[in-house]
Structure formats: structure tokens, C-alpha cells
Amino acid sequence: MKFLTSLVVTMLFSITAMADIAFKNGDKVAFLGDSITYLGAVYPSGYCRLVDKALEWKGIKCDMIYAGISGHKSNQMLERLDRDVLAHKPQWMFLSCGVNDVWHGENGVPLPQYKENITKLVEKAQAAGVNVIILASTLIGEDLNGDNNRKLNEYNDFLKNLAAEKNLPFVDLNSVMKQRINALEAKGRTPGTLLTVDGVHMNPAGNMIMAEGILKTIGFTDEDMAETVEKWQAMPAAWPVRGQADISVGQWLMLESKAAKEGLTVDQYLNRLFQETLANIEQ
């Protein structure tokens, strides 16, 4: 399945790279976020778990602190920072916040308040001795020119500037995902579920992009990533397909490729095959 490695490895990330692999055995690593992070830890091949496995394959065993809660925004993450992250005394924290602040509309968090919340959150973590790595907010629907994605750009611009101001690594997942969707659309693919299952939450391809961005930020080379992606493909898929969560990532990617040629999602493709099989049996 080596041909599938190009799905992720060819992506370029606008990040501040670190020399060597920054994480060491015994480090505590927190992932603070919303439902994208929650699911990234729940499923065996969610992005948090992919990062954990990649480090393990390098002989680096970290204590992972998964602090993703569905629906959470910057104000809620700031409120629970002490309890869910700092109380565990981590050396590192990945911050993924912004999608719900925009997506929730009137119930979201306006940009000025978001800036204040995130700045306080980062400074509080730094004061506790935590190394913060900021992740760009990903997507709100795969319509890249939609109102929510245009609004999200302002939030990501702030995150990038804050990272530069604080001399923190910034993983520009948003730009990479847009590049990937544009490239697939140029090949005739229809955006909607190219990197996500619903426009927001990651499918295996999206999770791999997120994990690669993180791993390259902490020191993984292209060669490291090629080896890692190959191993990822043998892992259970990040999202159940027709109730089955034990197909591998590589199998999911092959199914997705076949389904895409017919303009279908993986579930739609398998449903069609299922119906065709029933029809053949009845004959």
C-alpha cells in the first residue's frame, strides 16, 4: 500500500520546526480542544492517537492527556485549563480552538473576546512551565469560500500572529487542508467529505494530515513520515464504516478512492455494493 503514502507526506506545513524530536520518554503531553480533539483520542486512528503511536514506534513513550470536549469554545477551555491540563503538570500542550467560536454563530465567541481568551490561556500555560504548540483551526465545511471559513481566517490569522509574538510553534493545518481540497477538486473530486465525515470532524485522511503536521513540528523528517504513514495504514480506521471500526486505515483509503471515482462517500459505496450483493443472492 505504499502508493497511499503520498496522500499525507507531500503536504507542506507553515510551521516553526524544531531540531530532532522534541518529546522525550516520560513527557506528559496534553491535547486541549473540542470535539475534533475528543474524537481524535476516542478512535484508534484519531489524530491524537496517531501521534502517540508514531512516537511509540520511535521508542518515545509519552503520557498523553486527552482534554477534548465536544462543543467547547475558547472561554470554556480557558475556564477548565487548570483542571483538565495544568493539574497534570504536562511538559507540552497542543491547543486546538476556534471552530466552535465561529461555527456557533450568535452563541459563539466574537473575535475580540476570542483573542483575549486565547492569549490568557497561552500565557497561563506558559507561566506554569508548559511548552505550548498552537494548531490552526481546521475547517467549517469543505466549501472553502463559505461564510464560516472566511470568518475563521481572521481567527487563524490571530493564532499565527500570537504564535510569532510568543515564539511558539504554529501548525497551519487550515492552509494545508485547503491546498489538499483544492488539489482534489481540480481532479474532479467534490468537496464535502474529502477530509471530513461532515465538513468538520476528520475522516482518516484528515486525521493523518493533522497528525503529520504535529509530528513534523516536533521534529519528524520526511523519511520518518514516510515510514510512519506506512505503519498507520495497518491501524484500525478512525471512523466506523457501516458499523465496522476494525477495517484498517489503508483499507479505508482504498475504499474512499474507489467510491470517489463514482462520486460517492465510502458508506454510500458500500451500501450500493451491499444492495447489489443482495440482488445477486435473490437471483
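Q: Which residues form one aromatic cluster?
A: Phe-23, Phe-31, Tyr-47, Tyr-66, Trp-92 and Phe-94 do. This is a predicted model, where local features need pLDDT of at least 70, side-chain atom pairs count only at pLDDT 80 or more, and totals for chains, interfaces and linings use all residues. Residues are numbered from 1 along each chain as its sequence is written, and side-chain values use heavy atoms, with hydrogens and water left out.

Q: What makes two rings an aromatic pair?
A: Rings of Phe, Tyr and Trp (its six-membered ring) pair if their centres lie within 6.5 Å. Planes under 30 degrees apart count as stacked, over 60 as edge-to-face and the rest as tilted. By this rule there are seven aromatic pairs.

Q: Why is the pair of Phe-23 and Phe-94 called tilted?
A: The ring centres are 6.0 Å apart and the planes stand at 55°, so this pair is tilted. Phe-94 is in strand β3 and Phe-23 in the loop between α1 and β1, so the pair ties together parts 71 residues apart in sequence.

Q: How do you know whether Phe-23, Trp-92 and Phe-94 are buried or exposed?
A: Buried means under 20% relative accessible area, exposed over 50%, partly exposed in between (1.4 Å probe, protein chains only). Phe-23 has 0%, Trp-92 has 10% and Phe-94 has 1%. Each value is under 20%, so these residues are buried.

Q: Why are α9 and α11 called oblique?
A: The axes of helix α9 (residues 204-217) and helix α11 (residues 249-261) come within 10 Å and cross at roughly 125°. Axes are lines fitted to C-alpha atoms, for helices over the stretch in contact, and angles run from 0 to 180 degrees between N-to-C directions. Angles under 35 degrees count as roughly parallel, over 145 as roughly antiparallel, 65 to 115 as roughly perpendicular and the rest as oblique. The angle falls in the rest, so the helices are oblique to each other.

Methods. Helices (H or I, at least four residues) and strands (E, at least two) are DSSP runs, numbered from the N terminus.
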